[in-house]
Amino acid sequence: MNGPAAALKPNLATEAAAFPPLPRPAILNLGASRIRDIANAAMGRSDVAAFWFGESDVPTPGFIREAGAMAIAAGETYYTQNLGLPELRVAIGAYIGRLHGTPVAPGRIAVVASGVSGLMLAQQMLVSPGDRVVIVTPIWPNLTEQPQILGGEVVRVPLEVEGGRWTLDLDRLRDALTPQTRVLVLNSPNNPTGWTIAQDALEEVFALCRRYGIWVITDDAYERLIYTGARSAPSLLPIADPEDRLVSVNTFSKAWSMTGWRIGWMVAPEPFIEELGKVIEYNTSCVPKFTQLGALAAIEGNRGEAAVADLVTGLRASRQMLVEGLSRHPGIEVPAADGAMYAFLRIHGIADDMALAHELLATTGLGLAPGSAFGPEGQGWLRWCFAARPEKIADGLARLDRYLAAKGIQ
């Protein structure tokens, strides 16, 4: 090749080398999952007692699996409506009415491809570059990374330990909720701490958000996993008007042990839901019909409620067993909390939670999630998912005891 084109070719190659084929900076700046870092270190090992993921070791109840299997056998494998099957949206609205005393019209409900998908959709609907998003932390890292993908500015309001319990400093949260705030994200019961906001505090925060026009996104994944004797954790749904700037995101994953089904729902003002259909189309298009029919079986009738009650009973027993086992050691701190499926603990004198998680795995096969996976507030902590059978909890405690004895820690 001769002439001007040939002269340009080396320059183009040099320019391409200076700009490698990478995504935009917001993606490059995302943090990788520290939980996966620990789990990947255990690949190929058969001697690991893993408590790092937020998942019950009980499979999806049989009647739900049967409903999904029957739908597949019947050939229900085609596209469905963007917002979900009408009958499932009606059933979710009725379920909310039974749980919270205030039914929700199906026009305010969307079925989404998992709770995390619903949370991302909510952020996509609301957050523009530079928008201020206030989040109570520590928290599942997806919730802080999502607005950053969209160019939002994340303001963290950390929980604190007072009197042996996880608590929220309401004054600190009020100070963070300025008129310039676009969104408040609340996860209660909280992952990883189990902290659960009181109803009066929740209403106070909501009143302030109403005054400033702040949208509230609630991650309600653990609302049924509550150990106070209530059927549900405190919620804004019973007190919010249909037009309030509230987006409640929920999932079938936790309460019905359906993590692998990837299905959840959103409740929001009707105009929001009408526009949401477009954004669902550009993300996942729709949720598979057989998955939705399994979810319908979970949420209709008495069998689903019985399954939730059985799960919570088992979780309460495992929680007590784990906390009592950990509390035998004066050097371990386990602040009290009312919900979710996790104990958030720390061993005094050990500050590097990643190194500790790797050492526990390497020396005893005990697999716990590092606290720093949930933000800087979790540095030095570990998360232990107690959604496991008693014999597995006992084995995990025995492994930890061996580690502490070898280290001379009481």
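At what angle do helix α3 and helix α13 pack? The answer is about 25°, with their axes 10 Å apart. Axes here are lines fitted to C-alpha atoms, for helices over the stretch in contact, and angles run from 0 to 180 degrees between N-to-C directions.

Before going on, a word on the model. This is a predicted model: local features need pLDDT of at least 70, side-chain atom pairs count only at pLDDT 80 or more, and totals for chains, interfaces and linings use all residues. Residues are numbered from 1 along each chain as its sequence is written, and side-chain values use heavy atoms, with hydrogens and water left out.

Back to the helix pair. Helix α3 covers residues 34-41, and helix α13 covers residues 353-364. Helices (H or I, at least four residues) and strands (E, at least two) are DSSP runs, numbered from the N terminus. α3 and α13 are therefore roughly parallel. Angles under 35 degrees count as roughly parallel, over 145 as roughly antiparallel, 65 to 115 as roughly perpendicular and the rest as oblique. R34, D37, I38 and A41 of α3 meet M354, A357, H358 and L361 of α13. Contact means heavy atoms within 4.5 Å.

Now a second pair. Helix α6 (residues 115-126) packs on helix α10 (residues 270-283) at about 115°, axes 10 Å apart. So α6 and α10 are roughly perpendicular to each other. On the α6 side, the contact uses L121, A122, Q124, M125 and L126. On the α10 side, it uses F272, E275, L276, V279, I280 and N283.

Next, the sheet. Seven strands form an open sheet with mixed pairing, in the order β2-β10-β9-β8-β7-β3-β4. Two strands pair if DSSP finds at least two bridges between them. The edges are β2 and β4 (153-158), each pairing on one side only. Neighbouring strands are turned by 20° against each other on average, direction ignored.

β2 pairs with β10 (residues 264-267) in the antiparallel sense, over four bridges. A110 has M266 of β10 as its bridge partner. In a regular strand, side chains alternate between the two faces of the sheet. In β2 (residues 109-112), I109 and V111 are buried on one side, A110 and V112 on the other. Buried means under 20% relative accessible area, exposed over 50%, partly exposed in between (1.4 Å probe, protein chains only).

Helices lie across this sheet too. α5 lies across β2 and β10, at about 115° to β2. Helix α9 (residues 199-212) lies across β7 (181-187), β8 (215-219) and β9 (246-251), at about 165° to β7.

Among the buried ones are T291, Q292 and L293. The buried residues pack against α4 (62-73), α5 (86-100), β2, β10 and α12. After α11 comes G301, with a positive phi near 70°.

Last, the cores. A nonpolar core is a set of buried Ala, Val, Leu, Ile, Met, Phe, Trp, Tyr and Cys residues joined through side-chain atoms within 4.5 Å. The largest has 105 residues, and W256, L326 and W384 touch the most other members. Helix α12 (residues 301-327) gives the most to this core: seven residues. What does L326 touch, not counting residues up to four places away in sequence? Its contacts are I332, V334, A343, L345, W384, L397 and L400. A second, separate core holds 26 residues, including L119, L126, V127 and V247.
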